[in-house]
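Look over the structure shown here. The paragraphs below walk through its strands, rings, backbone and surface.

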Amino acid sequence: MAMFSLTVMVVFLLCTNHGVNGYSSYVPASACDNMVPAHKVPGQTSSPPYELLVDKQTYSVGEQINVTIQQTGSETFEGFYIQARPVGRNEPVGTFTALDDDITLVVDCAPDTQNAVGHRRTNYSLPIVQKTVVSVIWTAPNVTVGDIQFRATVLQNFTTFWVNALASPVITDPTATQGPTNVPIATVATTPSASTIGPVVDEDPLGITTDGCGVTKGCYGVPDGCSPPNCDLLSTWVTDATTETVIVEVTGKSDGYVAIGFSRDKIMADDDMYECVRHSTDGNIEVFSSYSTGHSRPTRDATNSGVSNVEVAYSNGLLSCRFHRAVRQTGRAGTGADQYFDLGNSSYHIFLAEGPSEVQSDGSVQIRRHTSRVYSDQPVDVMSIGQVAATSTGATTPPSATVGPVVSEDPLGITTDGCGVTKGCYGVPDGCSPPNCDLLSTWVTDATTETVIVEVTGKSDGYVAIGFSRDKIMADDDMYECVRYPDGNIEVFSSYSTGHSRPTREPTNSGVSNVEVAYSNGLLSCRFHRAVRQTARAGTGADQYFDLGNSSYHIFLASGPTRVQSDGSVQIRRHTSRVYSENPVDVTSISLVATASTPLLVKLHAGLMMSAWMFTVSIGAVLARFYKPMWPNSTCCGVKVWFAVHRAVMILTVLMAVAAFVIIFVFKEWTFVTGFNATTHAIMGIIVTSLAVIQPFMSLLRPGPDEPNRVVFNWFHWGFGTAARIMAIIVMFLGLDFPAMDLPDAAMYVLASWVVWQALSEVILEQEALLKCCGQADAKEKESKDHEEIEMQTQKSPSSVDLNPEPNSPKPSGSGFKNGFLAIYILVLAGFTAAMYSFIALH
């Protein structure tokens, strides 16, 4: 069967290819910034044969504009992508409404913004719609953003497209004052007029430097020893001659805000803060005196008391502020007066943070959750001159951690050095070391503080989590989530699970302290202190805060995706990877925990599926296709030998596939999986099993050899069987990559070799008549209809008298070769299957 052989080879090549990011059905969010399709081919440089039209030349807040792309000649187009951008800036503004949902899809470049629009394909059975014109509605934001211009990428087809090549006329807002104003908020504050434009900055726009750090002024910056503009965050301070004010400088890589805070501890809550905030629409920069209560957004002091002599500047991604802060202040106005700290009598930890800002409906600008935060390891007396070293234990999320070359070590410095000697460890694969661990946790007891220092790291851009469990079932457990937000911020949550529902986060995050977090190139890491004993958690689930000092627990590790909720919070979704320790672990002792072997039910599922789709179904298919004429004078159970064996192995295939199907759903507790690979594996596995079950029932309806519908049956029977075999190959390749299996790379090579052997065998058997060896005739003899079609014949009873016995048929030509090859084929097939069994059994 040459066609099947070629199909299998194509499927194998597709399985080993990582794919091409083409999107014929929609525009991905990844195109938001540069508007470039992920088609792996360059865009056109010629003028596009299309135009972008609008129905208005001016607009106001909340007004709607009709936007149209249409052909200027005879060329149609398949795809498009449109944004509205303020003149001179790249961020999209406003919202789009699709007029035709069948060909148009609104895109969120930030959660729930609908600030871009592109093509859509809803029916894959039909060709892509060739368009001559497309219209959408754009609605202006409810705050002034200035003059705008619509920009568009248009795709004639997959390989021919023009990136950001269509532009509408500039649409003006007569009520807006154009350009950045950078108006300072205090007397004698200065803002360099050209601070928001110009070439790449080669110095801080406000002239902040590290000259004199530790000699004439105090400094705290990251990375340690940096100098602007190469500091991710930097603050400096010096007391003026009157000793009544501290001159504070803060600068960082941000176009939203940078902030400095003074804190009594290492937790960013109940602190004295100063925000340097840039308005995203007009470029204005302000400094706010704020105080934080709990973990909510800081509250701004209505009178901005204690802040004076403000200077602000922004240039090419570097935001800077300088201001005077009174050493002592009697009180802030309103609630939070006690958060205005007296810098003259105490030392405080210094916090630095940066992140995006957000324009409110009233036109004010508020800071959003930080994307980077650092703090000093020791309290600092800002009345003295000192250079504060970058903390080695502070909560850090390096702003540059998500870019750069492939990470060569864990971004938080987590290692397996000392595992089993100075600290406890549990990682997968067994014996791994970051960054090559899929999941890893380490722990060590701090006797002085009655805490366990816990580290957890894993390959995930959503979350990694560690849990303590009384059993091997992930339910009713004590859990700690290391969660990464879409904006890059990372948090650790103390949680408890009840049943199989999503873990409930404990409101006060009790028992967790000294948090450090980092993310780099797909590796997410967290370090925190967890109290050995805690009287209770707040609210329901207090009994899930386990006493680590008196009992041992199974350790669970998990990773998976996250999902942004409507309130802006991020929740973990169902894990895509999960492992647990085989035995309970005492985390107050030093131990090296061996990786638990693959659960028995998972091994049974894999073994049965491999047996069915590598071994039995292959034999059955080869016999049905190539061995009907063989053994013409022999029967088994009253039917031809080939058919008897074919029927037996196919029934065995169905039984093993159904058993494996039930086993894995029992193991997963009848819940579905998440994650692209896992979901694809599951869906295709269900289809494969369904096709396998259909086959024997279809056989019961088989017409006789001479009936006209026999040809139709043959094609359906072959088609269903071939589809099942091809999909089963894909499903097996996807299953090899599951962390729960923990199979070596050699398993992939064995499975690939089996695919090649299967394809080669069928090609050889298809062409055996041309090989002219092993006693074959020069030309393949025409086989009788009896050989081709009659699979079953009624077995005569011993007492019956055959008055017309059929003469023995001669052996078909080439039978010696085919019999010998069948033996070799089955032997090699058994070897491949046994090799896969060994991989499954030993891991």
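How many bridges join β27 to strand β28, and in which sense do the two run? Six bridges join β27 to β28 (residues 478-484), and the strands run antiparallel. Strands here are DSSP runs of E with at least two residues, helices are runs of H or I with at least four, and both are numbered from the N terminus. Two strands count as paired if DSSP finds at least two bridges between them. This is a predicted model, in which local features need pLDDT of at least 70 and side-chain atom pairs count only at pLDDT 80 or more, while totals for chains, interfaces and linings use all residues. Residues are numbered from 1 along each chain as its sequence is written, and side-chain values use heavy atoms, with hydrogens and water left out.

Stay with β27. Strand β33 (residues 554-560) is also joined to β27, by seven bridges, and runs antiparallel to it. Within these pairings, G467 has F556 of β33 as its bridge partner. I466 has Y480 of β28. Seven of the seven residues of β27 (residues 463-469) are buried, so the strand is largely enclosed by the rest of the structure. Buried means under 20% relative accessible area, exposed means over 50%, and partly exposed lies in between (1.4 Å probe, protein chains only). In a regular strand the side chains alternate between the two faces of the sheet. In β27, Y463, A465, G467 and S469 point one way. V464, I466 and F468 point the other way, and all are buried.

Now take the open sheet of six strands. Its order is β16-β15-β14-β13-β19-β22, with antiparallel pairing. β16 (299-300) and β22 (372-375) stand at the edges with a single partner strand each, so one side of each is left without a neighbour in the sheet. Inside that order, β13 (residues 257-263) and β19 (residues 349-355) pair in the antiparallel sense over seven bridges.

Turn to the rings. A pair of aromatic rings is described by the distance of the centres and the angle of the planes. Rings of Phe, Tyr and Trp (its six-membered ring) pair if their centres lie within 6.5 Å; planes under 30 degrees apart are stacked, over 60 edge-to-face, and the rest tilted. By this rule the count comes to 22 aromatic pairs. One of them is Y59 with W138, which is edge-to-face at 5.7 Å centre to centre and 70° between the planes. This pair links distant parts of the chain, 79 residues apart: Y59 is in the loop between β1 (50-54) and β2 (64-71), and W138 is in strand β7 (residues 133-139). Y59 counts as buried at 3% relative accessibility. W138 is buried too, with a relative accessible area of 0%.

F468 and Y480 form another edge-to-face pair, at 6.3 Å centre to centre and 65° between the planes. F468 sits in β27 and Y480 in β28, twelve residues apart. F468 and Y480 are both buried. Elsewhere, Y50, F77, F80 and W162 form one aromatic cluster.

Charges also meet rings. A charge sits over a ring if NZ of Lys or CZ of Arg is within 6 Å of the ring centre and within 35 degrees of the ring normal. The charged end of R278 sits over the ring of Y314, 4.1 Å from its centre. R505 lies over the face of F493, at 3.7 Å from the ring centre.

Next, the backbone. The loop between β10 (218-222) and β11 (233-239) holds P223, and P229 is found in that loop too. A cis peptide bond joins V222 and P223, with omega about 0°. Another cis bond joins P228 and P229, with omega about 10°. Two residues other than glycine have positive phi near 50°: N164 and N521. N164 lies in strand β9 (residues 161-167) and is partly exposed, with a relative accessible area of 24%. N521 is in the loop between β31 (512-520) and β32 (523-531). N521 is partly exposed as well, at 36%.

Last, the helices. L601 is placed in helix α2 and is partly exposed, with a relative accessible area of 32%.
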